[in-house]
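Subject: Structure for your records, with notes

Dear colleague,

Please find the sequence and the structure below, followed by my notes on them. I would be grateful if you read the two side by side.

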Amino acid sequence: MSIIIKSDREIAIMRQTGRIVATVLEILKEQLQPGMKTRELDIITARELKRLGAKSSSKGYQGFPANLCVSVNDEIVHGIPGERRLIEGDIVSLDLTAVVDGFQGDSAITVGVGEVSPPARLLMEVTREALYAGIAKARSGGRLGDISAAVQGYVEPRGYSVVREYTGHGIGRQMHEDPQIPNFGLPGTGPMLRKGMTLAIEPMVNIGDWRTRVGDDYWTVSTADGSLSAHFEHTIAITDGEPEILTVV
Ligand code: MF3
Ligand code: CO
Ligand code: CO
C-alpha cells in the first residue's frame, strides 16, 4: 500500500475540482423535485460539469454508464440514473466524482424529495454528522483508524449501522487511491496521517442491518434488509492544523 502525498500546488488544483463538484451538487439539490426522473439529474450533471470545465469520472469507470450515482431509499451507492420517477418522501443519495486538470474531487449528499418522514430525516442528519465526526479526526499525527472509529462511534450508539463492504479512499490523480477508509475500526490503528494526504471520507449508514446486496444491473448496491440508507462524502486534505474540506463552494 502506498499513500500519495500531494504538494500545495496539487492541492490547489483539487480545491478547484472540489468547488466544482460542490457547486453541481448544490444545483442538483435545488433542481430535485417530485415527479422528476433520475435520468434528468444525470443530464443536469453533464451540462453543469461541462459549463464549469470539469469532466465526470464516473462515466465509463469500469463501464459505469452515467455521470453521477443516484441511489434512492434502500439503495446505498452506485445507483444508475434512469427512468425511475422520484416521489415525495423519497431520500436520494447523489454521489459525484469529477476531474479538472488531472485531479479528482468526490462528494455525496443525501437529500429528501419534498417532505420526508422523521425517521428518514434523522437518518440523513446522523449520516451527515458522522461524516463531520470523521473529518475532525483527519489530522496530521493521528491514525487512519481514528477516522473510522469516529464515524462508527457516532453512528452505532444512535441505533444505526455502518456499511462494511464499501469504504472511503485516498483520492488524487485517481478516483480511488490508497488507503481504503472503512467506516468502522479502532482508534490508534492503521497508517499515520500526514500533511498532504487527500482523502474521500464517506459514511454509508443504514437504519437496519449493515449487510448489502448488488442489484440485477450489477451496479446498484442496496441494503439486504430493505431498510433506508444515507450517504455523505467529502474530499478533504490533511494540513498542519484543521483538515481542509475541498468539496465546498
Ligand atoms: N463516487 C464513488 C465513490 O465515492 C465512486 C463512483 S463509482 C462509479 O468512490 F462507478 F460511478 F464510478
Ligand atoms: Co463518491
Ligand atoms: Co468516494
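Strand 4 and strand 5 form a hairpin with two residues between them, and aspartate 101 in the turn has a positive phi of about 50 degrees; strands here are DSSP runs (E, at least two residues) and helices likewise (H or I, at least four), numbered from the N terminus. This is a predicted model, in which local features need pLDDT of at least 70 and side-chain atom pairs count only at pLDDT 80 or more, whereas totals for chains, interfaces and linings use all residues. Residues are numbered from 1 along each chain as its sequence is written, chains are lettered from A and ligands numbered from 1 in the order in which they are written, and side-chain values use heavy atoms, with hydrogens and water left out.

Isoleucine 91 stands opposite glycine 112 in strand 5, and nine of the 10 residues of strand 5 are buried (buried means under 20% relative accessible area, exposed over 50% and partly exposed in between, with a 1.4 Å probe and protein chains only). Strand 4 (residues 91-100) is also joined to strand 2 by four bridges, and these two strands run antiparallel, with valine 92 of strand 4 as the bridge partner of valine 72. Within strand 2 (residues 69-72), Cys69 and Ser71 point one way while Val70 and Val72 point the other way, and all are buried.

Strands 2, 4 and 5 are among the elements that each supply at least two residues of the largest nonpolar core, which has 50 residues; such a core is a set of buried Ala, Val, Leu, Ile, Met, Phe, Trp, Tyr and Cys residues joined through side-chain atoms within 4.5 Å. The largest share of this core, seven residues, comes from helix 3, and the residues with the most contacts inside the core include Leu28, Leu94 and Ile201.

Ligand 1 is surrounded by 14 residues, the closest being Asp95, Thr97, Asp106, His176 and Glu202 (near means that a heavy atom of the residue lies within 4 Å). A nitrogen atom of ligand 1 is 3.0 Å from an N or O atom in the side chain of aspartate 95, while oxygen atoms of the ligand lie 3.0 Å from a polar side-chain atom of aspartate 106 and 2.7 Å from one of histidine 176. Taken alone, ligand 1 exposes 340 Å², of which the protein buries 97% (Shrake-Rupley method, 1.4 Å probe; for residues, only the protein chains shown count as cover).

Five strands form an open antiparallel sheet in the order 8-7-9-14-15, whose edge strands, strand 8 (177-181) and strand 15 (244-245), each pair on one side only. Strand 7 (residues 168-170) and strand 8 pair over three bridges, and glycine 168 stands opposite isoleucine 181. Three strands form another open antiparallel sheet, in the order 6-10-13, and in it valine 162 stands opposite valine 205 in strand 10.

With best regards

Conventions. Two strands pair if DSSP finds at least two bridges between them. A polar contact is a pair of N or O atoms within 3.5 Å; within protein, one must be able to donate a hydrogen and the other to accept it, and residues adjacent in sequence count only if both atoms are side-chain atoms.
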